[in-house]
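Visitor: I'm new to this structure and would like a close look at one part of it. Could you walk me through where two neighbouring pieces come together, and then carry on from there?

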Amino acid sequence: MGADRSTWTTKDVGEYDKLVLTTDPLSFDTMKTVVVRSLWFSPLHTLRGLRSYMKAMEFSERLQLEAATFDERAEGTEFRIPFFVFQGDGDVLTPPQPAERFFDEVTAPVKEFALIRNASHFASFRHPDQFLDLMLTKVRPAITAQPVAR
């Protein structure tokens with residue numbers, strides 16, 4: 001695929017993401033033991049539904065190239081709504097350091113950056129307790145305090 005990410009195809013981005021996620025022990029373990037297992041044993045999913053889920057993942061790969069080349073700063077860093085970034089402290093796909101640098105550039109009426117401990121890319125799945133706590137203590141108060149825009 002080469003070192004120059006601007007030349008990558010959708011397939012290259014998908015392969016890179018799979019390689020990164022499957023070679024990181026925490027991400028791989030979370031995919032196996034939390035994400036896939038929750039689908040596999042869910043009474044709400046059939047085997048056919050799981051097959052459809054996997055097909056949907058292939059479909060979403062088409063968006064990866066756009067996501068990989070997306071420039072957040074070009075879209076602006078000024079928000080009139082609350083802005084939150086919650087992610088795993090060991091995220092290998094979206095590293096915390098660049099995310100925090102972007103967060104620092106954002107202007108918003110309320111903003112919060114938090115790392116979910118001992119988690120990688122699937123932080124909210126790995127530690128739903130930490131994620132729920134952030135939603136209840138940071139997001140809920142911010143959105144209930146905001147006046148309704150008309």
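Guide: Start where L21, T22 and T23 in helix α1 meet P25, S27, F28 and M31 in helix α2; contact here means heavy atoms within 4.5 Å. Sorted by class, the residues of this contact are four nonpolar, three polar and no charged. Ala, Val, Leu, Ile, Met, Phe, Trp, Tyr, Cys and Pro count as nonpolar, Asp, Glu, Lys and Arg as charged, and the others, Gly among them, as polar. As for the helix names, helices are DSSP runs (H or I, at least four residues), strands are E runs of at least two, and both are numbered from the N terminus.

Before going on, a word on what you're looking at: this is a predicted model, where local features need pLDDT of at least 70 and side-chain atom pairs count only at pLDDT 80 or more, while totals for chains, interfaces and linings use all residues. Residues are numbered from 1 along each chain as its sequence is written, and side-chain values use heavy atoms, with hydrogens and water left out.

Now for the angle. The axes of α1 and α2 cross at roughly 95° and come within 5 Å. Axes are lines fitted to C-alpha atoms, for helices over the stretch in contact, with angles from 0 to 180 degrees between N-to-C directions. α1 and α2 are therefore roughly perpendicular to each other; that label covers 65 to 115 degrees, with under 35 roughly parallel, over 145 roughly antiparallel and the rest oblique.

Stay with α1 for a moment. Within α1, D12, V13, G14, D17, V20 and L21 are buried, meaning under 20% relative accessible area, against over 50% for exposed and partly exposed in between (1.4 Å probe, protein chains only). Take G14: its relative accessibility is 3%, so G14 counts as buried. The C-alpha atom of G14 is separated by 9.7 Å from that of L63, which sits 49 residues away along the chain.
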